[in-house]
2 protein chains.
Amino acid sequence: MSTVENRQFKLIARPKGMVKRTDFEFTTAPAGEPGPGEVLVKVLYLSLDPAMRGWMNQGKSYIAPVGLGEVMRAGGVGRVIASNDPGLAVGDFAVAMTGVQDYAVVKAKDAVKVDPRLAPLPRYLGALGMPGLTAYFGLLDIGQPQEGETVVVSAAAGAVGAVVGQIARIKGCRVVGIAGGPEKCLYLTGELGFDAAIDYKNEDVRAGLSQHCPKGIDVYFDNVGGEILDIALSLLARRARVIVCGAISQYNNLESLQGPRFYLSLLVNRARMEGFVVFDYQARYGEGMQALAGWTMQGRLKAREHIVKGLETFPETLLMLFRGENSGKLVIQVAEE
Amino acid sequence: MSTVENRQFKLIARPKGMVKRTDFEFTTAPAGEPGPGEVLVKVLYLSLDPAMRGWMNQGKSYIAPVGLGEVMRAGGVGRVIASNDPGLAVGDFAVAMTGVQDYAVVKAKDAVKVDPRLAPLPRYLGALGMPGLTAYFGLLDIGQPQEGETVVVSAAAGAVGAVVGQIARIKGCRVVGIAGGPEKCLYLTGELGFDAAIDYKNEDVRAGLSQHCPKGIDVYFDNVGGEILDIALSLLARRARVIVCGAISQYNNLESLQGPRFYLSLLVNRARMEGFVVFDYQARYGEGMQALAGWTMQGRLKAREHIVKGLETFPETLLMLFRGENSGKLVIQVAEE
């Protein structure tokens with residue numbers, strides 16, 4: 001295998017503000033060979049996530065930063081082409097942290113076998129993958145939505161947000177999504193069954209939330225931070241729960257991060273703002289996957305993927321996330337299935 | 001009774017920034033007469049609390065604002081001098097929302113009889129009153145400190161903070177207080193048994209917290225907001241709890257309120273920030289009072305009051321709170337016992 005050429009994006013500089021191509025070295029190396037308990041995966045699709053921006057920063061976080069000179073961290077789904085572990089056979093498909101490259105050697109125990117007959121492969125990076133699990137545990141465990149409550153989610157057409165809204169609907173909540181552009185908003189209300197959608201690029205978010213949440217917001221699932229978090233905080237209902245899942249509006253902030261100016265709404269409304277990291281729920285991934293897959297089979301959980309072709313596009317494709325140019329889960333197709 | 005002259009501070013303007021004497025009218029009116037179920041109280045001590053600043057603002061909060069032209073709201077303790085209710089007799093002492101005046105007509109059911117032989121009367125406005133209950137329910141119900149955890153409290157020499165720290169000690173926690181000036185800090189460690197105190201006026205708060213909380217902060221009880229909240233958030237331990245009790249540094253802020261810039265620490269550390277209002281615990285005041293009184297009797301809960309004489313000093317005495325000039329519970333003595 002060592003003669004197969006493996007293209008890789010290595011992080012070589014800590015980005016300042018938006019990621020640039022020059023923060024990476026696009027290079028090649030021989031594909032590795034799997035050691036005991038390992039498999040060699042040919043990457044087919046790579047997951048692009050807002051969290052990747054944080055992984056590039058130095059400093060303490062919920063996961064160690066990507067080291068300079070290392071292959072950029074990423075989740076991927078691919079085909080096993082060599083195996084040194086009885087758990088995965090050549091020809092199997094698996095999801096793993098593959099990194100931004102054509103081929104990855106991974107431990108079989110850290111890879112999850114998936115079935116391409118049950119769902120298109122990229123979905124295992126989205127609604128049936130970490131974003132789906134993030135939505136599932138964040139909304140249900142931290143948010144604890146009750147039937148009849150009003151749930152608001154930002155970045156609602158994104159990989160996490162779309163699942164949050166649909167689970168909230170399944171649980172009998174009134175669901176309002178915030179997304180950028182009329183097309184995304186139509187997708188939320190027309191296809192995903194959201195009760196209302198607010199186009200933050202063209203509408204007054206405060207007016208929209210006031211209109212669509214006449215009794216206040218019981219659960220706010222935040223993926224964006226910044227101004228929209230401020231507005232949501234100012235419209236909380238009594239004993240509201242704010243789930244801090246991400247803050248995509250702030251990840252490229254060169255100045256000091258903007259804190260939520262209306263945080264005293266937590267006091268006035270006896271409300272709670274809580275963060276979580278999906279990795280903590282590893283022992284319950286099975287439960288989450290079963291629920292997500294079940295709803296998908298029943299047609300109650302829909303999803304779409306935004307597929308960009310070509311590993312070489314990685315830095316520019318990643319930027320689409322921060323500009324809100326993707327609709328649905330953003331993935332790079334690295335190779336034909 | 002109607003011929004007794006009753007001095008009153010009425011709110012006549014919504015303060016901008018710091019409270020000014022001209023925001024009030026200092027006037028007189030005849031003392032009222034108690035109707036059915038009411039008593040007339042001669043006010044002896046008035047409670048001065050940071051929350052009073054919020055009550056002067058227009059806008060939605062956990063309690064309606066004081067209306068313009070109304071007597072300024074305040075808690076007080078006094079002697080019943082006329083009674084129209086069997087629950088309170090002339091000569092009894094009682095705590096009630098009396099307002100900033102010499103005499104108040106209050107409903108007997110809204111007044112709590114207190115015993116001056118068990119504790120000095122002003123203590124019923126502090127450690128054995130609403131500040132004590134605020135500390136008790138906020139720390140124990142929202143913070144849920146566990147033995148061996150590290151608890152940090154700001155405004156630690158204040159009426160709420162001093163009780164928070166002592167209860168945390170009683171519960172077996174390591175306790176670090178933040179207060180202004182060497183004298184207050186010495187009081188915390190020397191008299192109240194805090195493990196450490198940080199003088200925010202003369203020390204580097206981040207360095208002090210890093211030193212005294214080597215395993216991070218498990219519970220942060222916040223009375224101040226602003227920079228100190230930012231620093232505490234940046235030093236949270238995993239699964240930390242941040243109790244939003246107040247934000248005295250921000251109450252007179254003329255610009256938009258400063259939000260906690262490090263709120264994403266909630267995500268990284270799977271932590272929770274939660275607000276509460278002590279009034280919600282009314283059904284459990286008895287439990288709280290019993291615990292606070294018990295610890296006081298055992299000598300495990302100490303307190304001191306900062307007494308300023310003269311109702312006429314009200315606007316200037318209130319400002320002492322925001323300048324940190326009081327040490328212990330700030331009260332105005334309105335009349336001799």
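Predicted model: local features only at pLDDT ≥ 70, side-chain atom pairs only at ≥ 80, totals over all residues.
**Exercise 1. What radius of gyration would a compact globule with 337 residues have, and what does chain A have?**

Residues are numbered from 1 along each chain as its sequence is written, and chains are lettered from A in the order in which they are written.

*Step 1.* Take the globule rule, 2.2 Å times the number of residues to the power 0.38, with the radius taken over C-alpha atoms.
*Step 2.* For 337 residues a compact globule would come out near 20 Å, and chain A has 20 Å, which agrees.

**Exercise 2. Describe how domain 1 and domain 2 of chain A meet.**

*Step 1.* Find the contacts (C-beta atoms, placed from the backbone, within 7 Å). They join 15 residues of domain 1 of chain A to 15 residues of domain 2 of chain A.
*Step 2.* See which element gives the largest share on the domain 1 side: helix H1 (residues 51–55) of chain A, with three residues. Helices here are DSSP runs of H or I with at least four residues, strands are runs of E with at least two, and both are numbered from the N terminus.

**Exercise 3. Which side of helix H4 (residues 182–191) of chain A is buried?**

*Step 1.* Count C-beta atoms, placed from the backbone: a residue is buried if 20 or more others lie within 10 Å of its own, exposed if 12 or fewer, and partly exposed in between.
*Step 2.* The buried residues are Lys184(A), Cys185(A), Tyr187(A) and Leu188(A). They cover an arc of only 155 degrees around the axis, which puts them on the same side of H4(A); the arc is that of the directions from the helix axis to the C-beta atoms.
*Step 3.* Turn to the other side of H4(A), where Glu183(A), Gly190(A) and Glu191(A) are exposed.
*Step 4.* Name the packing partners of the buried residues: helix H3 (159–170), strand S9 (174–179) and strand S10 (196–199) of chain A.
*Step 5.* Finish just after H4(A), where Gly193(A) takes a positive phi of about 80 degrees.

Notes. Contact = placed C-beta atoms within 7 Å.
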